[in-house]
Amino acid sequence: MISVHHLDPRSALGALSGFRREFHRCLTRRADGLFELADAVLCADGPVRTLVGLSLAPEHRRGHGGLYDAVNNGRIEVDRLRDALAGTPLPRAADGRLVLAVDVSPWLRPDGATCPDRTFCHVYGRGRGEHRMIPGWPYSFVAALETGGTSWTALLDAVRLPPGADLAAVTAAQVRGVVQRLIAADQWRRGDPEILVVFDAGYDAPRIARLLEDLPVRVLGRMRSDRVLRRPGPPRVHNPLGGRFRKHGGEFVFGDPATWGAEDVLTRTDTRLYGTATAQAWNRLHPRLTRRAAWIDHSGPLPIVEGTVIRLTVERLPSGGVNKPVWLWCSDPDSGPVEVDRWWRAFLRRFDIEHTFRLLKQTLGWTRPRLRDPEAADRWTWLILAVHAQLRLARPLVADLRHPWERPAEPARLTPTRVRRGFRNLHMKIARPAAAPKPVRPGPGRPPGSKNRATAPRFDVGLVLATGRAHTRPAHHKKGTKPRRTG
């Protein structure tokens, strides 16, 4: 499958129109209202500030009542939309490899006491070392990364994490579904390079690699600087005195250079932003697993998940901050110099997904609606993913409508915001499968002067029972056994 960069305007126009038709088929209830709502997000002037403000866009031919009805009562075939996203032209690395990034972004709802399934989301503050736990809905995203400096990614999936969810298990299941859909769409064939999945700190990369070991993927994740791994165990030699063979070798302490020994790979690369980047790699290191936490119910001997540990140091940071070393772990147990350079470069590209999160929130208005129902939030999230996919497919088709104070940009270097700025001029040339609205008679509504006496239930945040199952009870629930709070 070729990338969107190599599509000529005619092919790009056909790909965009084909995706829009398939997207409309994925809408099984309030289809026309949801489709025109997505067009309003694409063609609105400036950032999306309010949900009801989208009803004023010319592309949205229905009233504000139909807009809320579509968001709250519509229906989307999510699996079919996932297949459509996996079938679009995707970016690839220089060697033709698909590189996927996984990260969590929260939809904060601190004042949504009537919203169920909220959990505490970790949010960084503006000060150094400052962070907060704010109630909201965390969403896990999977995106395909491009090469070079860019703010574009290809969003492929989004899953809302319920309270008390096992992050590693949910993420592994999400990545498994994405990889299987990519294989079904002929994005990966036998003989192609393995798909690289990149994680930041906070994910258990060895456990995710173990859960995905039957798929053609390599797992690359960042590790904390206080971790301790183990070397391979000594060769098994017959001991006449008996006894059990040693499974683990000596310790490899990240914070103690005396335990490192000689590295297996050492590379130095001159970079434009970071100066000289030095990568030290040690092969065949693994964590020592114990029957606690995620492995408490594991049957049989605990596995040994070997990989390559990379210590990356740079000469300087563009921001002028402290250039602390970065520790990475890759599920490839025997990485050479070429592979080590490929792994740490792919990890640096992982931060492109942060630009996508900023686009979703600040420009497309992903977290702007104050929705009460989490299913409606999921519906709006998938609508935003379809909008982002159309912006990506429209890159070769729109002209640069820059402001007077902005610098000119080449057509292949347009940012998502600039592509969205010119999408309205493209709207008349592409498929518009939504039917025209029919005149309806408004309902009687509440009688004048009457008050709404139906009190919405209140829900606590992130309640988990001792069994580990999520539990959300209304705040006015009778007194009893109080579940413990978890983040």
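**A close look at Glu406**

Mentor: In this predicted model, the side chains of Glu406 and Arg421 are joined by a polar contact of 3.0 Å. Glu406 itself lies in the loop between α9 (374-393) and α10 (416-421), and, leaving aside residues up to four places away in sequence, Glu406 touches Arg418 and Arg421.

As for confidence, the protein averages a pLDDT of 88, with 91% of the residues scoring at least 70. Where pLDDT is low, the predicted coordinates should not be read in detail.

Gly462 is found in the loop between α11 (423-426) and β15 (463-464), and Gly462 is buried, with a relative accessible area of 0%. From C-alpha to C-alpha, Gly462 and Arg82 are 28 Å apart in space, while 380 residues separate them in sequence.

Turning to the cysteines, the structure holds 0 disulfides. For Cys26 the reason is distance: the closest cysteine sulfur, in Cys43, is 20 Å from the sulfur of Cys26, which is too far for a bond. Cys26 is also buried, with a relative accessible area of 0%. Cys121 is likewise in no disulfide, the nearest cysteine sulfur being that of Cys115, 12 Å away, and Cys121 is buried, with a relative accessible area of 5%.

Methods: Residues numbered from 1 in each chain as written. Predicted model: local features only at pLDDT ≥ 70, side-chain atom pairs only at ≥ 80, totals over all residues. Heavy atoms only, no water. pLDDT = per-residue confidence, 0-100. Helix = DSSP H or I, 4+ residues; strand = E, 2+ residues; numbered from the N terminus. Polar contact = N/O pair within 3.5 Å; in protein donor to acceptor, adjacent residues only side chain to side chain. Contact = heavy atoms within 4.5 Å. Buried < 20%, exposed > 50% of the residue type's maximum accessible area, 1.4 Å probe, protein only. Disulfide = S-S within 2.5 Å.
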